[in-house]
Amino acid sequence: MTLTAGLRLARSVEQLGTESAFAVLARARELERQGRSVVHLEIGQPDFPTPGHVIHAATAAMERGETGYTPSAGVAEFREVVADELARTREIDVVPDRVLIANGAKLLLFLTILAICDPGDEVVYPDPGFPIYESAIRWAGAVPVPLTLRDELDFSFSLDELSDRLGERTKLVIVNSPNNPTGGVTSADDLRAAAELILETSAWVLSDEVYRRIVYGLEPASIASVPGMLERCVLLDGLSKTYAMTGWRCGYAAVPAPLVDPLTRLITNSVSCVPGFVQAAGIAALAGPQDSVGAMVEEFHQRRDLVIAGLNAVRGVSCRTPQGAFYAFPNVSRTTIPSEELADRLLEEAGVALLAGEGFGAQGKRHLRISYANSRDQLELALDRIRAFLEAETVAGMPEAEVER
């Protein structure tokens, strides 16, 4: 859009990035409106309904009149439930006064970066990683310092490389396990060793654990559980992924005492509060039956196995088995098609919507991100389409004599 002469935007807006998933989703929907068949593997949200008892709790709260403002830090009852849940699952001492509720975990990570970072401060963050990390870092005027997640380490990081990136200007370290986009899970030993390195600095830590419950055959560790870390760690979680509540926009965090007031004021200045009926739903989600979570994770486990086997059967594609979340991050470097071009062409020519790894950082190059939050039938259809597309491309690139033979 062209601005009228003399009108200007803030320069800081240019630092804001975006999430490619929403752009790809929009294009996929447009193709569907044109009558095209598209398999959706681009968006990172569970394809399951919000549990019925959670919806009932919200509607009951609305009927009671809980539709007005609430305290910016969250209602006391929900903060108590969250504190109990975080203390129990991470084996740490969390009190309700240190818990904050906000309109999605994304808002809390954004506000945490704003509350901690001054221009010129350095922030270490995972690459590939959730794109809003780098976006928020840059918007705050801080310096992004990517920490590579390596294929050969099952998408964990090298402790030597972490040590090299920590310095006097390091203000914040972001940890995300299970990880988006790779599905990688960092081991308890690595988190403990990373904590020991960070404790030698004056850096804060943001531990993004929104996929914690979606793991396969293991118990994920939290860096916040390491002695000495809780007083400098923002422990971030939310309802979106675990309880299929992406549209409810409700996240929560246990935060160090010095951050409670500034983060609460940032919430007041931006979104005021989370609706009371949403927090009532949150209480029901965390304190109520967990059967739906177990069933969802088991289905994701089956889908993961289907997708990984299918991808590794495609010529030119290799994919490590993720231990968490609902993403696969295949390496497509042997296809000879750059991953950004491959993602575009798979959507336009094959009807498969997925994401190029570059959208998650420089280290995502030569990868694709696939969300297997879709039915097994649709996943099999997508794998068939990917296989057919790449086989056709391989044949098209062969010399004529080779094709005939």
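A salt bridge here is a side-chain nitrogen of Lys or Arg within 4 Å of a carboxyl oxygen of Asp or Glu. By this rule, the count comes to 26 salt bridges. The model is predicted, so local features need pLDDT of at least 70 and side-chain atom pairs count only at pLDDT 80 or more, while totals for chains, interfaces and linings use all residues. Residues are numbered from 1 along each chain as its sequence is written, and side-chain values use heavy atoms, leaving out hydrogens and water.

Three of these pairs are listed here.

| Salt bridge | N to O distance |
|---|---|
| Asp 47 and Arg 303 | 2.8 Å |
| Asp 118 and Lys 171 | 3.9 Å |
| Arg 345 and Glu 393 | 2.7 Å |

Take the pair of Asp 47 and Arg 303. Asp 47 sits in the loop between β1 (39-40) and α2 (52-63) and Arg 303 in helix α10 (residues 291-312), so the pair ties together parts 256 residues apart in sequence. Helices (H or I, at least four residues) and strands (E, at least two) are DSSP runs, numbered from the N terminus. Is Arg 303 buried or exposed? Arg 303 is buried, with a relative accessible area of 4%, and Asp 47 is partly exposed at 36%. Buried means under 20% relative accessible area, exposed over 50%, and partly exposed in between (1.4 Å probe, protein chains only). Asp 47 and Arg 303 also belong to a network of salt bridges with Glu 299 and Arg 376.

As for Arg 345 and Glu 393, Arg 345 lies in helix α11 (residues 339-350) and Glu 393 in helix α12 (residues 376-396), so parts 48 residues apart in sequence are tied together.
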